[in-house]
Amino acid sequence: MSKITKKEYGEEMEKGFNLRTAMEEASRCLLCHDSPCSKGCPAGTDPGKFIRSLRFRNIKGAAETVRENNPLAGCCAQVCPYGKMCEQACSRTGIDKPIEIGKIQRFLVEEEKNQGMEFLKAAEPKKEKIACVGAGPASLSCARQLALEGYSVTVYEAQDKAGGVLTYGIIPTRLPQEVVDFDIKTIEKLGVEFKFNEPIDASKLEELKNDYDAVFVGAGLWKSKMVDIPGKDLEGVVTAIDFLREAKTNTDQLVLGENVIVIGGGDVAMDCVTTAKQLGAKATIVYRRTIEEAPADMDEVSFVQSMGIPIVQEFAPAEIVGENGHVTAMRFEGRDGESGLTMKTDQVVLAIGQAVGDDVADIAAGENVFTGGDMVNGGKTVVEAVAEGKEAAEKIADYFNK
């Protein structure tokens, strides 16, 4: 087994802006009247407005715009696929390159934290009580919005910390935990109560429906998909969810192979292979299609490549080979139907997708139950989950106001 080191694990991928560089980047903004960048944000964070404020050195006003519109502003500043959303819509794209909106947002959230800015205040208390199931992006977003409107909100979380995928599924290289904790702190200050180590299944949901006036279920995708090939049950075969969770919460005790193969082509696969490499293993990623067809964000792919991690393309898993019950190699079949590949390995990480857990799979919206986030959309981006949480809060408020 490989020796665990923390030399690189946890070091951020890229440094953010300081005041000077943030102002310089904001000065490139064309101050478009219609702000297409703002229309490109699912959560309505309104980059056009906060960049305009920054241009006039109104840092507090800019930070206020960010925080008021996006409850997970810090997290989104780190992990949003800006190139597919607000930055893609930026009018500057047709001239040279889009404004680096994500890095400006990150700077403003850091200023909010460093200067102790506080913008949010809950409305007068209302009589209705709401339970949110899960403490991931959708539930956190829903809870924040409802708390702002004066509702009493309690969040039930199966794990011992809030954040969901933000805390347990994204490596600190991309998203430092202190960023997650700060976003959650701004929600807690509104009076949102958290109950940890409280898994909710269909039967317990019935209790919540009786105890609360409305329930929002925003459970994540915590059931890993498996490959149906020989050797899948060998020791040394792990799922991406378990691998990333152990790396973040129990690094010193993580069982890490010397030669790690990660199967998959999404952001989660990129996180897994990066983690293995940073913790001292020889890591390789194998994907059944070309990297151009991979669902992973290209910035993540570029980061993996910059670390010198091999990406083997167009080979699908065929068999996991083992001795004495433990993985020793893995065999692949080429996409062309003729090629074959065998690779030495003592650990295989399966990052081929997640699904809704069996305990919440049968939960559906109805009566006073509302749903949203990954369990509904199949697993999209953090900012889209934030948007769905805000939309669910509006539906719940409308439900009470009928």
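Is Y151 buried or exposed, and what is its relative accessible area? Y151 is buried, at a relative accessible area of 6%; here buried means under 20%, exposed over 50% and partly exposed in between, with a 1.4 Å probe and protein chains only. Before going further, please note that this is a predicted model, in which local features need pLDDT of at least 70, side-chain atom pairs count only at pLDDT 80 or more, and totals for chains, interfaces and linings use all residues. Residues are numbered from 1 along each chain as its sequence is written, and side-chain values use heavy atoms, leaving out hydrogens and water.

**Aromatic rings**

Searching the whole structure gives five aromatic pairs. Rings of Phe, Tyr and Trp (its six-membered ring) pair if their centres lie within 6.5 Å; planes under 30 degrees apart count as stacked, over 60 as edge-to-face and the rest as tilted.

| Pair | Centre distance | Plane angle | Class |
|---|---|---|---|
| Y151 and F400 | 5.3 Å | 40 degrees | tilted |
| Y399 and F400 | 5.6 Å | 55 degrees | tilted |

Helices (H or I, at least four residues) and strands (E, at least two) are DSSP runs, numbered from the N terminus. F400 is buried, with a relative accessible area of 16%, whereas Y399 is partly exposed at 31%. Together, Y151, F370, Y399 and F400 make up one aromatic cluster.

**Charges over rings**

Y151 also has K126 over its face, 5.2 Å from the ring centre. Elsewhere, the charged end of K129 sits over the ring of Y212, at 5.3 Å from its centre. The criterion is that NZ of Lys or CZ of Arg is within 6 Å of the ring centre and within 35 degrees of the ring normal.

**Strand β13**

Now to a strand with both faces covered. In β13 (residues 347-350), Q347 and V349 on one side and V348 and L350 on the other are all buried. In a regular strand, side chains alternate between the two faces of the sheet. Strand β6 (residues 237-239) pairs with β13 in the parallel sense over three bridges, where pairing requires that DSSP finds at least two bridges between the strands. V238 has V349 as its bridge partner in β13. Strand β7 (residues 259-263) also pairs with β13 in the parallel sense, over four bridges, and I263 stands opposite L350.
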